[in-house]
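Here is a short briefing on one protein chain, from its overall form down to a single residue. Look at the structure first, then read the points below.

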Amino acid sequence: MLTMRTSELFKKKTVFSVEVFPPKKTGTMENVIRALRIISGISPDFVSITCGAGGSGGSSTSDVCSVAKDAFDLETVAHFTCVNMTAEKCREELEILSRKGISNILALRGDITDKSKFYDFMHADELAAFVRAERPEFGLLGACYPEGHVQAPSIDADIDNLRFKIDAGVDHLISQLFFDNAKFFSFMDKLRAKGITVPVEAGIMPVLNASQIKRMVSMCGSSIPYELARLISLYGENAADMEKAGIDYACAQIEGLLAGGADGIHLYSMNRGDVAAEVFGRVRR
Ligand code: FAD
């Protein structure tokens, strides 16, 4: 069992990881456990467990972290958001995670909903600095945006803000999902030119159905290249065909990223353990 900062992993190899989300209000833990069981079969370097929109997923994030670690021996990263988070609550949750043997945090601002409130932290770098001060032994991850964050005035301004996270102690970045590798590599060139040298995992989401992806891109602003738009218009009406085409596209995208020297691949699994297993089964070396 790994008990190190995730950033250490990159010294030896290309890193493969999978994002899992806790049960939604209408979902059950059984579905999450089923996904984790399949994912554990492909031995990812770690799984990351999301925190519900509005920061409401606190306890179930740590519950799923426990299951991943104790039942499936998976290294886990817990997502923490500034939204609805006080310094006191953060301290308590860090203590809970520490007792569970979980020592990596992805520090985020959080998606903003009409229920979101900010208390002690406005931006991810402030949360990261707090975690670093409270728990210097923890690994600290942060998010980055190959096409710029939707609220940033420009990609350069967004990268300048990203520097605050690095200065606060973030030593491993995971990118927002994207579908155009050229945009990712151009972003990497900009990061390195601005002296940000921490490892960056490329975030990949297989397109499994057309409406899901339209919803995602409307939230996160990722662009859809012509080739993918063509697949969606050809297969979008047929679930099985869309899924096959989406998995093929994700695998081709990952092959291109690995060939171009990406540090790692983070798969947004949408709790589809079978899809994660197929994608990583095909591309992992
Ligand atoms: P920040 O780094 O705070 O950036 C937000 C905006 O503010 C950007 O435009 C940035 O340029 C600007 N900015 C940053 N720092 C400063 C500063 N110090 N001063 C002024 N401006 C600044 N959301 C959830 O709710 N739960 C999750 O589990 C979750 N997991 C995610 C995992 C990954 C890998 C990614 C990429 C995103 C995830 N999100 C999640 C979504 C994320 O919360 C949103 O994208 C959010 O809008 C921004 O989060 P951030 O941590 O990048 O914020």
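A contact means that heavy atoms lie within 4.5 Å. In the protein chain, residues 24 or more positions apart account for 80% of the contacts with a separation of 6 or more. This is a predicted model, in which local features need pLDDT of at least 70 and side-chain atom pairs count only at pLDDT 80 or more, while totals for chains, interfaces and linings use all residues. Residues are numbered from 1 along each chain as its sequence is written, and side-chain values use heavy atoms, with hydrogens and water left out.

**Overall form**
- The protein chain has 10 helices and 8 strands, which are DSSP runs (helices: H or I, at least four residues; strands: E, at least two) numbered from the N terminus.
- Along the principal axes, the C-alpha atoms of the protein chain fill a box of roughly 50 × 45 × 45 Å.

**Burial and surface**
- Buried residues (under 20% relative accessible area, 1.4 Å probe, protein chains only) make up 54% of the 285 residues of the protein chain.
- The protein chain exposes about 12500 Å², of which carbon and sulfur atoms supply 52%; accessible areas come from the Shrake-Rupley method with a 1.4 Å probe.

- G246 is found in helix α9, which covers residues 239–259.
- G246 has a relative accessible area of 2%, so G246 is buried.
- Leaving aside residues up to four places away in sequence, G246 touches P206 and V207.
- M205 is 41 residues from G246 in sequence, and their C-alpha atoms are 8.9 Å apart in space.

Key
Buried < 20%, exposed > 50% of the residue type's maximum accessible area, 1.4 Å probe, protein only.
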